[in-house]
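Please open the model in your viewer and keep the selection tool at hand. The tour moves from one selection to the next.

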Amino acid sequence: MIKAIALDDEPLALEILQSLCAEIEFVDLQKTFTKSDEAFKYLKKYPVDLLFLDINMPSISGLDFYKKLPHKTMVIFTTAYSEFAVEGFTLSATDYLLKPISFSRFQQAVEKAFQQWKTQNQNLEQQYLFIRADYSLIKILFSDILYIEGLDDYLKIHIQNQKTVVARMTLKVILQKLPSTEFVRVHRSFIIPISKIEKIRNKTIHIHQTEIPISTSYEAAFFELLNQK
């Protein structure tokens, strides 16, 4: 499911986007914004996969807003002015929708975003590591790891919909086996995958009903990686 938000200074345009998204089963339009500063604050805390972004807004153009996004995000520009199309695509936009937006054209654009999203996530789904535990070598997909908890010389690998794996290994060693673009240490006792973050609030990461603290020692590196997404 693609997580999305929409930014447009016209409430009616947002209502139309909401109704269009409601017809698409793989798009979860989580919030809409009429003010760019509120949308930007939200995106800093809650990264999404896709942004529906109006170009012609009074406070800032959608093109300039896109250039300062805190995380790597697919964007579908919306506008009533076709002259912005060339610049929109120069910014590697996923698509460009001219208002009034027909359902067929909207469907075409979000399906293109869905294919991009699947491609971006496919590589991680195909990667894994083997961990020795319970007298066995256990294969664990990177994409299934919720977070890893360190307990002295032992690890607890919390896995989505599976039993937690306990292994004799340090956080430092396992971090070297994980893709550095996705996994990051946020505390002396925790490693987390960026893709599993549900929200961040008051230096606390929320993943699957678990609250994980961000310690001062790892805070800068964590947010730097987050900003690259």
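Helices (H or I, at least four residues) and strands (E, at least two) are DSSP runs, numbered from the N terminus. The model is predicted: local features need pLDDT of at least 70 and side-chain atom pairs pLDDT 80 or more, while totals for chains, interfaces and linings use all residues. Residues are numbered from 1 along each chain as its sequence is written, and side-chain values use heavy atoms, without hydrogens and water.

Is Asp54 buried or exposed? Asp54 is buried, because its relative accessible area is 3%; buried means under 20%, exposed over 50%, and partly exposed in between (1.4 Å probe, protein chains only).

Next, display the residues that Asp54 touches, leaving aside those up to four places away in sequence: Leu7, Asp8, Asp9, Gly62, Thr78, Thr79 and Lys99. Contact here means heavy atoms within 4.5 Å. An unreviewed UniProt entry lists Asp54 under "modified residue: 4-aspartylphosphate"; such annotations may be inferred rather than shown by experiment.

Now select Phe130, in strand 6 (residues 128–133). Phe130 counts as partly exposed because its relative accessibility is 46%.

Finally, show the whole protein. Its secondary structure consists of seven helices and 15 strands. The C-alpha atoms fill a box of roughly 65 × 35 × 30 Å along the principal axes. Of the 229 residues, 47% count as buried.
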